[in-house]
Amino acid sequence: RGIGPVYEPNRNDVFCGRGGRINAHAGNVQFRELVQARKVEYLHKNTKKLEKAHIAADVVHSIRCMDPGGRFLKEDADGTWYDIGDAKAIKKVGQALREDAPEVREVLEETEEK
């Protein structure tokens, strides 16, 4: 269990989990846009492992510094929300950045060949 409980999630919070309700939340839409904006840099063949960690941490930092501050929330069985903390949030961002990686890398390679 993380930091909380959080009874009133805000528009910048990122909900952890699956499903339409979570995907449609404003904070999750914004999260996917931030991830998409950094994906090419993250997946580039010259990006080192440490740089990738910094990119993921930077996305978390961007969300946490919004107004109101965004949190990475997971819903408990009783319906309250808990912040998962930075370490798990960075892992979540890393997973999101690697989503569709083979397709993105293929496009990157085709672009570099031209």
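Visitor: What are the ground rules for the values?

Guide: This is a predicted model, in which local features need pLDDT of at least 70, side-chain atom pairs count only at pLDDT 80 or more, and totals for chains, interfaces and linings use all residues. Residues are numbered from 1 along each chain as its sequence is written, and side-chain values use heavy atoms, with hydrogens and water left out.

Visitor: Why are strands E2 and E3 called paired?

Guide: Strands are DSSP runs of E with at least two residues, helices are runs of H or I with at least four, and both are numbered from the N terminus. Two strands pair if DSSP finds at least two bridges between them. E2 (residues 14-16) and E3 (residues 72-75) have 3 bridges in the parallel sense, so they meet that definition. Phe15 has Leu73 of E3 as its bridge partner.

Visitor: What makes E3 and E4 a pair, and in which sense?

Guide: E3 and E4 (residues 81-83) share 3 bridges, in the antiparallel sense. Leu73 has Asp83 of E4 as its bridge partner. The two strands form a hairpin with 5 residues between them, and Gly79 in the turn has a positive phi of about 90 degrees.

Visitor: How do you know that the span of helix H5 is close to what is expected?

Guide: The expected span is 1.5 Å times one less than the number of residues. H5 (residues 101-113) has 13 residues, and its reach from first C-alpha to last is 18 Å, close to the expected 18 Å.

Visitor: Which residues of H5 are buried, and what makes them line one face?

Guide: Ala101, Val104 and Leu108 are buried. Seen down the axis, the buried residues of H5 fall within an arc of 70 degrees (taken from the directions from the helix axis to the C-beta atoms), so they line one face. On the face turned away from the buried side, Pro102 and Glu113 are exposed.

Visitor: Why is Asn28 called buried?

Guide: Buried means under 20% relative accessible area, exposed over 50%, and partly exposed in between, with a 1.4 Å probe and protein chains only. Asn28 has 4%, so it counts as buried. Asn28 lies in helix H2. Not counting residues up to four places away in sequence, Asn28 touches Asp13, Val14, Phe15, Ile22 and Asn23, where contact means heavy atoms within 4.5 Å.
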